[in-house]
Amino acid sequence: MAVKIKTQAGTIEISNDVIATVVGGAATDIYGIVGMASKNQIKDNVNDILGKENYSRGVVVRQEENGVAVDVYIMVSYGTKISEVSRNVQESVKYNLETMLGVVANSVNIFIQGVRVQPE
């Protein structure tokens with residue numbers, strides 16, 4: 001599915017992969033985020049951090065009446081305040097979706113899939 005935005009000049013269609021890339025970029029820019037994690041770790045047999053080309057495997061986008069709902073699966077750095085990092089991700093994702101794509105995020109749900117100890 002894709003988000004459709006009607007304008008005077010026509011229709012703009014934004015695919016879920018584009019939304020997932022914007023969400024993944026916004027999430028990984030936040031201090032305390034090690035990277036994106038797969039939402040289906042057992043199915044994907046992946047317990048590693050996803051690269052930029054795989055952000056869509058760590059993001060679920062659902063269309064709603066007046067916007068989208070986004071689920072973000074992340075891995076956080078050991079020693080950070082997880083609640084604060086999660087709140088920062090929510091705010092950043094919402095802001096980036098609205099400014100870059102003109103898409104309203106009704107909800108941004110964060111799922112912590114793991115904690116990683118970072119080497120010094």
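This report walks through a predicted model of one protein chain, from its overall layout to a few individual residues.

## The overall layout

The chain holds three helices and six strands. Reading from the N terminus, the order of these elements is β-β-α-β-α-β-β-α-β. Of the 120 residues in the chain, 41% count as buried.

Leaving aside neighbours within four places in sequence, Val 89 is in contact with Ala 27, Ile 30, Ile 33, Ile 74 and Ile 110.

## A pair of rings

Searching the whole structure turns up one aromatic pair. The rings of Tyr 73 and Phe 111 have centres 4.8 Å apart and planes at 15°, so this pair is stacked; planes under 30 degrees apart count as stacked. The two partners come from distant parts of the chain: Tyr 73 sits in strand β5 (residues 67-77) and Phe 111 in strand β6 (residues 105-116), 38 residues apart.

## Two salt bridges

The count of salt bridges comes to two. Here they are side by side.

| Salt bridge | N to O distance | Relative accessibility of each partner |
|---|---|---|
| Arg 62 and Asp 71 | 2.7 Å | Arg 62: 34%; Asp 71: 8% |
| Arg 87 and Glu 84 | 2.8 Å | Arg 87: 39%; Glu 84: 34% |

In the Arg 62 and Asp 71 bridge, Arg 62 counts as partly exposed, whereas Asp 71 is buried. Asp 71 falls under the 20% cut-off for buried residues, because its relative accessible area is 8%.

The other bridge joins Arg 87 and Glu 84. How far apart are they in helix α3? They are three residues apart, which means that about one helical turn separates them. Arg 87 counts as partly exposed, and so does Glu 84.

## Along helix α3

Helix α3 (residues 82-101) includes Ile 82. At 34% relative accessibility, Ile 82 counts as partly exposed. Ile 82 also belongs to a nonpolar surface patch of about 480 Å², made together with Tyr 78, Ile 112, Val 115 and Val 117.

Gln 90 has its place in helix α3 as well. With a relative accessible area of 31%, Gln 90 is partly exposed. Which residues does Gln 90 touch, not counting those up to four places away in sequence? They are Val 108 and Ile 110. Gln 90 and Ala 26 are 64 residues apart along the chain, and their C-alpha atoms are separated by 9.2 Å.

## A residue on strand β2

The last stop is Glu 13, which lies in strand β2 (residues 11-15). Is Glu 13 buried or exposed? At 54% relative accessibility, Glu 13 counts as exposed, because the cut-off for exposed residues is over 50%.

Leaving aside neighbours within four places, Glu 13 is in contact with Ala 2, Val 3 and Lys 4. For one of these, Val 3, the C-alpha to C-alpha distance from Glu 13 is 5.6 Å, with the two residues 10 apart in sequence.

Notes. Residues are numbered from 1 along each chain as its sequence is written. This is a predicted model: local features need pLDDT of at least 70, side-chain atom pairs count only at pLDDT 80 or more; totals for chains, interfaces and linings use all residues. Side-chain values use heavy atoms; hydrogens and water are left out. Helices (H or I, at least four residues) and strands (E, at least two) are DSSP runs, numbered from the N terminus. Buried means under 20% relative accessible area, exposed over 50%, partly exposed in between (1.4 Å probe, protein chains only). Contact means heavy atoms within 4.5 Å. Patches are made of residues with over 30% relative accessible area and no salt bridge: like charges are joined within 9 Å, nonpolar side chains (Val, Leu, Ile, Met, Phe, Trp, Tyr) within 5 Å. Accessible areas come from the Shrake-Rupley method with a 1.4 Å probe; for residues, only the protein chains shown count as cover. A salt bridge is a side-chain nitrogen of Lys or Arg within 4 Å of a carboxyl oxygen of Asp or Glu. Rings of Phe, Tyr and Trp (its six-membered ring) pair if their centres lie within 6.5 Å; planes under 30 degrees apart count as stacked, over 60 as edge-to-face and the rest as tilted.
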